[in-house]
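Here is a short briefing to read alongside the structure. Keep the view open and turn to each spot as you reach it.

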Amino acid sequence: MRNTTLKLLRLRFKLYWNTFKNQSWGKRFTSIFVIIAMLGFGLFLGTLSWFFTWGLSQPEAIAIMQEAGLGLDPAAVLDQIPVVMFTSAFLVALLSNIGSLLQLLYLSGDMEFLLAAPLPPRAVFVSKLAQAVVPTFLLMLVLFMPGLVGLGLPRAYGLAYYVLIPVFLLFYVLSGAGLSSLLVMAIVRVVAPRRAAELLGVIGGLLAFVCSQSGQFAGQVGDTVFTPDRLGSLAGAAVPLTSLWNPLGWPGHALTALGRGDWGPGLLLAALTTALAMFVFGATLLMAEKVYFSGWARVQLGGLRKKRRKSVAGEGAAHRGADSLKGIRALWGWLPAPLLAVILKDARLFRRDVRNLSQLVFPIIMAVIWTVSFFRPGVAANGTPGVGGALILAIFIGWNLEIRFGMGAFSLEGRQWWILKTSPISVRHLLWSKFLSGLVFPVVLGALYLLVAGVYQRITVGLLLYELAAFLLVMMALMGLMLAFGIWGANFEWSNPNQVQGGGMGCLAVLAGLFSMLVMGLVFVGGPFLAGQLGWPGLLGYGASLGLGGLVCTVVGVVPLALAAPRVVHLGEDEVGAGRKKSRKRAGR
Amino acid sequence: MLPILQLTSLHKTYGTTHAVRDLNLSVQPGEIFGLLGPNGAGKTTTFKMIVGLLQPTSGNVQIGGVDIAKRPLDAKRQLGFVPDTPLLYEKLTATEFLLFVADLYDVERAAASRRAAELLRLFDLEKNADDLIDSFSHGMKQKTALAGALIHDPKLLILDEPTVGLDPKSARLIKDILRQLSERGVSVLLSTHILEIAERMCDRIGIISKGELIAVGTMDELRGGAGDSSLEDIFLGLTGGTEYAEIAELLG
């Protein structure tokens, strides 16, 4: 079993190495840079931890904390840091591995090959688990080890402390990943693996977004929420986590005791930690072996089950398929049939892929957060509710949606691009269809937002109409711009909507969008303001802004798209060429 | 009679590699033409140039007398294409997919609905009409792709290995359909590695090797009066590969 596991792990390493070796120099350089940056970050964390520990060990720190009324003993706080770190490492391993284990255990393409080969099932499972654990463990080493070393040095901990840090980290990452694998096996018995992966992507994205925004939001409410009393209560509530009854804290307590030279309790806790990790990992392995293979077979059979939307067959179905679009067709029937077909197809695919949900939810959450912070009492009263805040927010929210629609317009056709490319749809119709299908949702959402904000702010009808007109113009311009970048950066290998904003072209698109928004925003918001300062009649200011803004929007939306459009007929041909080039390179070796 | 497909000096290079070189070929209305060749011979590249997925390095593709480089939309309207791997929109149902393709070809709505229903029945997909394509087996996807290629009543059908992954019943169905289409005047250009299919179905056969068309004609013309040699013998004789029999013997 051990030999087979090693063989499988060696194979995996070989695959990673071959991938790295066959990458372009740019990608290789990026990979090396990322590794060096991570190591640098680890070093930074270690230094920070060293300063923090050294600072808290000074008598002045104790006095400051007492003055602040926190009632905490700095030494006790420092003792609990390893406990918190190991608890975090376990939880990170448990939660972060769900997605990767789902891919490795149920969605990877090599499972049929591995299960058909005369390999011990345990070896296959262990090698898959190791694939998930190794990156997590390395990440934990970079993130936690420097912090723990930085904690130990100023406190003059003994050698055992430093030696056991990676050992205990490995134990807890293994245990966390083991439990994670059981969780995955339970999930796929309820939800299809692919669906589960999509849902996890959405949840992960939402969590990341909430975390990033909460930092920004916390700054605004921090003074009222994080009072010394509340912080004290929070520290009190965390006591159970750091008590000896919490097994997740055992390695932290063991390290602190061994570091200080308290060998009795230190060794006892170290033995308990080791025994617990071995027990959890062993039990996971045994259970997984029983559950995994029956589950995997079940999933394969489940894959053949029909995803029937409605049980209607034959001619009725075809007619019903047509009838279900009657309303939309009546409204949009004036559009050429191929153009409308692509719009409706995009709408259906967007609606049916749950991963798109996260891209819808982010701008909506952003809208809520910013609206609350912008219109909260005190700010609105001081601010000028004229042209400005609501319009800028609506544009920014709409643009966030347009990045996805524009950048993904062609890339998300993916390997089905041949269907459009071999069909008699003109480039003009194709561009219009992608433009309209990307524009409708952001415009509707933004317009609704402007209406609600306008009613709340009690602005005049004229001003509301001006905002709506300016918003529509900016959205059209940005959609054209994003579509142009979507053509330049088209990548038909992408299948995940979250990939569309990645890469160099995604970065350039964001920069170009931000710059264009700044210019257009200045014209539409600054124009009426300037007219007021110059003493012009209000109508003239708005009219001049719409005229000049319309011109700027036309340049932003039309020029890049006109430059990119000739590439559309050639899209997808590079993939074939690239494939050939790689084949030749391989043959040449 | 004007050929439905005319390839003139078609050439495709990738860097210094000649994927297809100086290919001249014509397919007549109602003809079933089989393009055979070893792996990497240039069949798929040729098909991709015919349907407009790839631009030829030089040469000319005419469909029904229309140059695809000059009037691509008019040329594509006459075509139906099924690639070797049926990559379809997985989150559409079979019906939605067929109606989408019909719209792309500007088929009148009522006619499209009627034809979609007929095709679904013909390909035994009636019961799956409202199922998402991602729940389909390879064979069902292949049949859906073929139905999509037929929904606009094309004059020329290009099929890249149409029977791969199909069960015998479905393979037979496709062969029967192709024969019927041919009788109605629809031309078919197909590639296959199953020489028996080519031998039985195709009116003419072309053999391509290393990007060059090395033989073309009816079975009798290919035999060249050499008795009753099979297509396999002719194919291996032209493209090489008879030596593999010795290797197989060694392995045996």
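Across all chains of this predicted model, a search of the whole structure turns up 22 salt bridges.

**Salt bridges**

- Start in chain A, where A:Glu573 pairs with A:Lys421 in a salt bridge whose closest N and O atoms are 3.2 Å apart.
- Are the two partners buried or exposed? A:Glu573 counts as buried because its relative accessibility is 12%, under the 20% cut-off. A:Lys421 is buried as well, at a relative accessible area of 6%.
- In chain B, a salt bridge joins B:Asp74 to B:Arg77, and the closest N and O atoms are 3.0 Å apart. Here B:Asp74 is partly exposed at 31% relative accessibility, and B:Arg77 is partly exposed with a relative accessible area of 40%.
- Another chain B pair is B:Glu196 with B:Arg200, with 3.1 Å between the closest N and O atoms of the salt bridge. Both residues belong to helix H7 (residues 195-201) of chain B, where they are 4 residues apart, about one turn of the helix. An α-helix has 3.6 residues a turn, so residues three or four places apart point the same way.
- Within that pair, B:Glu196 is partly exposed, at a relative accessible area of 36%, whereas B:Arg200 is exposed, at 67%.
- Salt bridges with shared partners also build one network from A:Lys345, A:Asp346, A:Glu413 and A:Lys434.

**Cavities**

- By type, the lining of the largest cavity divides into 10 nonpolar residues, 5 polar residues and no charged ones.

**An enclosed helix in chain A**

- Helix H11 (residues 250-260) of chain A has 10 of its 11 residues buried, so it is largely enclosed by the rest of the structure.

- A nonpolar patch on the surface is formed by A:Val440, A:Val444, A:Leu448, A:Leu451 and A:Val452, which together have about 420 Å² of accessible area.
- One of its members, A:Leu451, is placed in helix H20 (residues 427-457) of chain A and is partly exposed, with a relative accessible area of 37%.
- Helix H22 (residues 503-534) of chain A holds A:Val519, a residue that counts as partly exposed at 30% relative accessibility.
- A separation of 47 Å lies between the C-alpha atoms of A:Val519 and A:Trp17, which are 502 residues apart along the chain.

**Positive phi angles in chain B**

- B:Ser9 is not a glycine, yet its phi is positive, at about 45 degrees. You will find B:Ser9 in strand E1 (residues 5-14) of chain B, where it is partly exposed at 34% relative accessibility.
- B:Asp106, also a residue other than glycine, has a positive phi near 60 degrees. Look for B:Asp106 in the loop between H3 and helix H4 (109-122) of chain B.

Definitions and conventions. Residues are numbered from 1 along each chain as its sequence is written. Chains are lettered from A and ligands numbered from 1 in the order in which they are written. This is a predicted model: local features need pLDDT of at least 70, side-chain atom pairs count only at pLDDT 80 or more; totals for chains, interfaces and linings use all residues. Side-chain values use heavy atoms; hydrogens and water are left out. Patches are made of residues with over 30% relative accessible area and no salt bridge: like charges are joined within 9 Å, nonpolar side chains (Val, Leu, Ile, Met, Phe, Trp, Tyr) within 5 Å. Accessible areas come from the Shrake-Rupley method with a 1.4 Å probe; for residues, only the protein chains shown count as cover. A salt bridge is a side-chain nitrogen of Lys or Arg within 4 Å of a carboxyl oxygen of Asp or Glu. Helices (H or I, at least four residues) and strands (E, at least two) are DSSP runs, numbered from the N terminus. Buried means under 20% relative accessible area, exposed over 50%, partly exposed in between (1.4 Å probe, protein chains only). Ala, Val, Leu, Ile, Met, Phe, Trp, Tyr, Cys and Pro count as nonpolar, Asp, Glu, Lys and Arg as charged, and the others, Gly among them, as polar.
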